[in-house]
Amino acid sequence: MSRRCDMNKEQFNKLNIKSQIKYFNELLKKFDSISQVCKQIGIAPSTVKDRFKSNRYYFDADIKQYLEVVEIVSNTEDYDNNNNSYNLNEIIENKSMTNVTPNNINKNLVLNNESLKALEFITLNLNKLENIVSNVDDISRNTGYDYIKIDIPDAENIRTTIKVNAEVWSLFSELATKNKQFDKQDLLSQALFDFYNKHIK
């Protein structure tokens with residue numbers, strides 16, 4: 001199988017979002033990671049991730065493909081007129097794989113028992129989860145842990161050789177291993193960019 005990309009950044013950007021997803025997913029079957037695919041196209045990983053996310057696509061790490069976010073659509077019998085909302089608890093309790101039909105759920109969504117349990121957990125603990133999210137800054141201050149966010153310029157990656165302190169590199173590699181949701185090169189780029197922003201005058 002050829003490991004060559006036959007489309008550049010300009011050509012890729014001209015595609016509609018569905019065509020971009022399809023093409024990107026095909027490249028993900030050939031290359032090892034999102035960063036590798038972006039390198040072949042010549043586009044920044046942060047640009048691709050933000051673009052796909054804003055268009056309601058998410059990356060499934062298990063199958064290494066971008067999938068469309070789908071929403072549960074209930075029957076009118078599950079609609080709560082008083083609160084102008086659907087009763088998700090009732091949907092979870094009453095629906096199963098044997099009675100899910102196109103009338104009560106998006107036809108692109110496969111809902112198994114594990115997914116139902118996850119949805120039930122979210123609905124039962126929604127207030128707690130909202131509090132955790134709203135207090136994330138307080139958690140960071142109290143624990144001394146800064147949550148990682150990749151926010152680097154939209155530019156291509158380059159290959160370079162530098163010498164670094166062995167102990168520092170070991171600690172950095174250990175951190176990268178614990179945060180496998182990020183590419184190591186993105187973490188390194190973010191660290192250098194943070195240092196630059198901190199000391200630029």
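Let me start with a word we'll need: a residue is buried when its relative accessible area is under 20%, exposed when that area is over 50%, and partly exposed in between, using a 1.4 Å probe and protein chains only.

Hello everyone, and a quick note on the model. It is a predicted one, where local features need pLDDT of at least 70, side-chain atom pairs count only at pLDDT 80 or more, and totals for chains, interfaces and linings use all residues. Residues are numbered from 1 along each chain as its sequence is written, and side-chain values use heavy atoms, leaving out hydrogens and water.

Let's begin with the aromatic rings. Rings of Phe, Tyr and Trp (its six-membered ring) pair if their centres lie within 6.5 Å; planes under 30 degrees apart are stacked, over 60 edge-to-face, and the rest tilted. How many aromatic pairs does a search of the whole structure find? There are 8. One of them is the tilted pair of Phe12 and Tyr23, at 6.3 Å centre to centre with 45° between the planes. This pair links distant parts of the chain, with Phe12 in helix α1 (residues 9-14) and Tyr23 in helix α2 (residues 17-28), 11 residues apart. By helices I mean DSSP runs of H or I with at least four residues, and by strands, runs of E with at least two, numbered from the N terminus. Phe12 counts as buried because its relative accessibility is 0%. Tyr23 counts as buried too, at 15%.

Next come Phe24 and Phe52, an edge-to-face pair at 5.5 Å centre to centre and 90° between the planes. Here Phe24 sits in helix α2 and Phe52 in helix α4 (residues 45-54), 28 residues apart. Both Phe24 and Phe52 are buried. Phe12, Tyr23, Phe24, Phe52, Phe59 and Tyr66 form one aromatic cluster.

Now to the strands, which pair if DSSP finds at least two bridges between them. Strand β1 (residues 57-60) and strand β2 (residues 65-68) run antiparallel, joined by 4 bridges. Tyr57 stands opposite Glu68 in β2. The two strands form a hairpin with 4 residues between them, and Lys64 in the turn has a positive phi of about 55°.

Finally, where is Ile122 placed? Look in helix α6. Ile122 is partly exposed, because its relative accessible area is 40%.
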